[in-house]
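Me: I have a structure open and would like to go through it step by step. May I put some questions to you?

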Amino acid sequence: APAGQDYFKQSTTRLYWIADKIVEMTIEMYREPRKMVDDISALGLRHVGYAIPTEFFAPFVSGAVEVVRSMTTDEAAQDGFRWSLTLISKTLVRTILEGSTIVMKAINTNQEKALV
């Protein structure tokens, strides 16, 4: 999603941190699923403040899965990563949609009229 690139205007170091965090979260989803749901919900609420469109999550997941596929031929590892990251993505999207109140939308668009 080329339009999604506009939301990744950080340093290379920050992008590496995000990639590391994604891998860590996919593993932790298997180890501590209840804790991860809480952590992911908190992350989703932060994404409401970042005004990240939810339609960018699915292409991001697809891209990450393709990278993992290029790194290993182990189908169980590929499937595990895909399943876990898809679940994380769906949880984030649900949290963003549920957490996007009228006030947050007005703040993100910087429009007082959005409150009416």
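Predicted model: local features only at pLDDT ≥ 70, side-chain atom pairs only at ≥ 80, totals over all residues.

Me: How many helices and strands does the chain have?
Reply: The chain has five helices and zero strands. Read from the N terminus, the order of elements is α-α-α-α-α.

Me: And how much of the chain is buried?
Reply: Of the 116 residues in the chain, 30% are buried.

Me: What share of the contacts joins residues at least 24 apart?
Reply: Counting contacts between residues at least 6 apart in sequence, 72% join residues at least 24 apart.

Me: Let us turn to helix 2. What should its span be, and what is the distance between its ends?
Reply: Helix 2 covers residues 33-50, which is 18 residues.

Me: Which residues of helix 2 are buried?
Reply: They are Met 36, Ile 40, Ser 41, Leu 43, Gly 44, His 47 and Val 48.

Me: What follows helix 2?
Reply: Ala 51 follows helix 2, and its phi is positive, near 60°.

Me: Next topic: how do helix 1 and helix 4 cross?
Reply: Helix 1 is residues 12-31 and helix 4 is residues 75-99. Their axes come within 9 Å and cross at roughly 95°. Angles from 65 to 115 degrees count as roughly perpendicular, and helix 1 and helix 4 are therefore roughly perpendicular to each other.

Me: Which residues make that contact?
Reply: Helix 1 contributes Ile 22, Val 23, Met 25, Thr 26, Met 29 and Tyr 30. Helix 4 contributes Gly 80, Phe 81, Trp 83, Ser 84, Leu 85, Leu 87 and Ile 88.

Me: What classes do the residues in the contact of helix 1 with helix 4 belong to?
Reply: The contact of helix 1 with helix 4 has 10 nonpolar, three polar and no charged residues.

Me: Back to Gly 44. Is it buried or exposed?
Reply: Gly 44, in helix 2, has 0% relative accessibility. The cut-off for buried is under 20%, so Gly 44 counts as buried.

Me: What does Gly 44 touch?
Reply: Leaving out residues up to four places away in sequence, Gly 44 touches Leu 92, Thr 95 and Ile 96. Gly 44 and Arg 94 are 50 residues apart in sequence, with their C-alpha atoms 8.1 Å apart.

Me: Where is Thr 95, then?
Reply: Thr 95 lies in helix 4 and counts as buried at 7% relative accessibility. Apart from neighbours within four places in sequence, Thr 95 is in contact with Ser 41, Gly 44, Leu 45 and Val 48.

Me: And what about Ile 96? Buried or exposed?
Reply: Ile 96, also found in helix 4, is buried, with a relative accessible area of 4%. Beyond residues up to four places away in sequence, Ile 96 touches Gly 44, His 47, Val 48, Thr 54 and Phe 57. The C-alpha atoms of Ile 96 and Ala 51 are separated by 9.1 Å, although these residues are 45 residues apart along the chain.

How values were computed
Residues numbered from 1 in each chain as written. Heavy atoms only, no water. Helix = DSSP H or I, 4+ residues; strand = E, 2+ residues; numbered from the N terminus. Expected span 1.5 Å × (residues − 1). Buried < 20%, exposed > 50% of the residue type's maximum accessible area, 1.4 Å probe, protein only. Axes fitted to C-alpha atoms, helices over the stretch in contact; angles between N-to-C directions. Parallel < 35°, antiparallel > 145°, perpendicular 65-115°, else oblique. Contact = heavy atoms within 4.5 Å. Nonpolar A, V, L, I, M, F, W, Y, C, P; charged D, E, K, R; others polar.
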